[in-house]
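User: I would like to learn how to read the features of a protein model. Please take me through them one at a time, general idea before the case.

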Amino acid sequence: DNQLTAMSLTTPNNMSWSILLRLAVLVSGKAWAAEALSEFQAALQEPYKGHCAEPPQAQLASVAEPPSRAVLEAANLELMGVQIAFRHGARDLSSDTLCFSPMVNDQKKCNVKPLLTFSGNDAMSGAAQPLIKEVLDAYPLTEGNETRVAGCGKGVLLNQAIPQTKALAEAIRQRFFHRLASIPSLETTRLYSTGKERTTATLFLLQQSLFEGQAAMAPAKLYSRPVSSDPWDLNQHCPRAGHARHARHYETTPEFVKERFPSFPARWRQAAGTDFQPNYNGCLLVAMCSGQEALKLPAGLQPNSSLFQETLRNSLSLYQERYSKDKQAIRLLAAPVLAELEHFMLQQVTGSGPLMALWATHDSTIIIILSALGAWNGQWPPYTDTIVLEVYRESGVGKERRGFFRFLHHGTPITFPWCKSAEKQVDGLCDVHQFLPAALARLRDPELLRSECAKGEEATEAIVAVQATAFGWLGNSIVISVCCLASCVLGMFLQALRHAAHMQHGDYLLL
């Protein structure tokens with residue numbers, strides 16, 4: 001699969017991964033390939049659709065109602081628990097990037113600020129007032145950011161995140177609080193967030209809205225990990241995964257962009273005064289969602305302009321390719337997160353786990369999870385986007401009761417091709433022991449995961465080098481060029497057929 005992908009990145013005449021997918025569709029005739037290609041193309045027609053997540057409609061659409069009580073009763077099922085992984089609310093720019101020249105970013109409307117206080121000194125517990133954190137010079141590269149002037153911190157929540165998160169809390173309450181065995185509380189809910197301020201703040205706002213009026217005997221526990229090693233932030237040590245991680249780190253060359261989109265770079269430079277990078281989508285989206293109150297867009301890049309939409313489309317196209325080209329890297333990044341979800345799911349089936357688990361994370365992490373399961377539709381996760389894991393158990397007593405789950409993204413249940421639970425007649429229902437396909441299940445073993453992560457990218461790089469050399473012959477001989485191209489296409493066909501044949505054995509299309 002990696003050989004096929006590397007070939008697609010070096011084929012002449014810009015034979016991209018989408019063309020390879022079309023070839024796979026023609027040869028294999030498999031519906032899954034056609035559907036995947038169709039979804040990616042549809043996403044490019046409306047790039048970053050619904051990104052601003054206007055409350056409350058966006059949040060209600062992101063959290064679907066579980067199957068009705070009548071449906072569950074007919075299937076002999078009871079809802080045992082729910083897990084929700086969600087993206088944070090609207091934020092400021094997450095990196096100090098000059099998307100435009102000149103560029104001014106002077107955000108001030110970020111009133112969700114951390115109050116710093118620490119436990120451990122029993123004698124002073126509750127006696128000292130917390131400190132309010134004020135950030136200086138978050139974006140030193142932008143103009144107008146004067147020294148020693150407090151503003152918003154890098155990537156922190158903007159005020160739009162408050163109604164978004166309240167609406168998400170209300171959607172969760174409406175969908176699940178009356179359907180679980182008991183109403184969730186802080187004592188029966190597990191809270192996890194990455195160490196980034198924007199995810200922690202979103203989780204704080206969410207639990208505050210969810211459990212408003214519930215008196216807690218002691219401060220609730222918030223679980224987290226160091227940012228530098230947190231798999232929910234895609235920062236675990238895994239050399240093999242390379243740079244297939246954070247969207248903000250994706251950079252390319254002007255030559256590559258011009259090869260992919262020949263006339264676009266000159267028009268972008270004329271409007272923005274810079275060389276385009278895929279991660280400049282962040283500037284456009286932050287400016288659009290914040291109404292350009294602090295971050296102003298150039299005149300030629302206003303949200304109603306054709307260049308604005310073209311920029312988002314080109315950016316999303318490059319990210320689709322980035323998060324689709326290396327199946328093993330995506331699996332290695334997703335494996336620890338999926339194993340953790342599975343761990344608590346199995347606890348919930350037995351009634352020993354939390355009634356509800358909330359995981360505050362990022363857009364890139366959601367894409368990695370979906371891609372590893374072959375469930376990404378090519379669209380970028382909007383603010384407060386959700387992955388919901390509903391956990392069920394067979395009703396009754398005095399027998400071994402099987403556990404099931406439903407996996408939903410943005411309110412839509414995902415049916416996994418390796419899952420067999422048709423007898424229950426519930427859309428998307430799957431046995432808990434079939435949560436992971438074989439290719440991911442083997443990575444539950446920590447030693448194997450470490451071993452696979454330590455392998456590096458030498459094999460993939462070698463394939464690319466060999467293919468680049470082969471395609472260098474194109475200028476020397478037309479005949480040799482045609483033969484090489486025909487051989488490559490034949491190899492692609494064979495890879496696609498082999499890939500399709502493995503679908504029933506735990507392998508699947510990664511998108």
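Analyst: Start with burial. Buried means under 20% relative accessible area, exposed means over 50%, and partly exposed lies in between (1.4 Å probe, protein chains only). By that cut-off, Phe-276 and Tyr-280 are both buried. This is a predicted model, where local features need pLDDT of at least 70 and side-chain atom pairs count only at pLDDT 80 or more, while totals for chains, interfaces and linings use all residues. Residues are numbered from 1 along each chain as its sequence is written, and side-chain values use heavy atoms, with hydrogens and water left out.

User: What makes two aromatic rings a pair, and how many aromatic pairs are there?

Analyst: A pair of aromatic rings is described by the distance of the centres and the angle of the planes. Rings of Phe, Tyr and Trp (its six-membered ring) pair if their centres lie within 6.5 Å; planes under 30 degrees apart are stacked, over 60 edge-to-face, the rest tilted. The structure holds 23 such pairs. Take Phe-276 and Tyr-280: the centres are 6.4 Å apart and the planes stand at 85°, so this pair is edge-to-face. Phe-416 and Trp-418 are stacked, at 4.7 Å centre to centre with 5° between the planes. Phe-416 and Trp-418 are both buried.

User: Which rings are linked into a cluster?

Analyst: Ring pairs connect Phe-40, Tyr-48, Tyr-250, Tyr-319, Tyr-323, Trp-376 and Trp-380.

User: Where does a charge sit over a ring?

Analyst: The test needs NZ of Lys or CZ of Arg within 6 Å of the ring centre and within 35 degrees of the ring normal. Arg-190 lies over the face of Tyr-223, 4.3 Å from the ring centre. Arg-322 has its charged end over the ring of Tyr-323, 5.9 Å from the centre. Tyr-323 also belongs to the ring cluster.

User: Now the helices. How many helices and strands does the protein chain have?

Analyst: Helices (H or I, at least four residues) and strands (E, at least two) are DSSP runs, numbered from the N terminus. The protein chain has 17 helices and twelve strands.

User: How do I read the span of H12?

Analyst: The expected span is 1.5 Å times one less than the number of residues. H12 covers residues 327–350, 24 residues, and reaches 33 Å from first C-alpha to last, close to the 34 Å expected.

User: Where is the kink in H12?

Analyst: The bend at a residue is the angle between axes fitted to the seven residues ending there and the seven starting there. In H12 a kink of about 40° lies at Ala-335, shortly before the proline Pro-336. Just after H12, Gly-351 takes a positive phi of about 85°.

User: Which residues other than glycine have a positive phi?

Analyst: Asn-76 is one of them, with phi near 60°. Asn-76 sits in the loop between helix H5 (69–74) and S1, and counts as partly exposed at 29% relative accessibility. Gln-292 is another, at about 55°. Gln-292 lies in the loop between helix H10 (281–289) and helix H11 (306–322). Gln-292 is buried, at 14% relative accessible area.

User: Which peptide bonds are cis?

Analyst: Read omega. The bond from Pro-55 to Pro-56 is cis, with omega near -5°. Pro-56 falls in the loop between helix H3 (31–45) and helix H4 (57–62). The bond from Ser-101 to Pro-102 is also cis, with omega near 0°. Pro-102 belongs to the loop between strand S1 (77–87) and strand S2 (115–116).

User: What does Gly-428 touch beyond its sequence neighbours?

Analyst: Contact means heavy atoms within 4.5 Å. Leaving aside neighbours within four places, Gly-428 is in contact with Phe-405, Arg-406, Pro-413, Ile-414 and Thr-415. Gly-428 is in the loop between strand S11 (412–413) and strand S12 (430–431). Gly-428 is buried, at 12% relative accessible area.

User: How much of the protein chain is buried?

Analyst: Buried residues make up 54% of the 511 residues. Among contacts between residues at least 6 apart in sequence, 77% join residues at least 24 apart.
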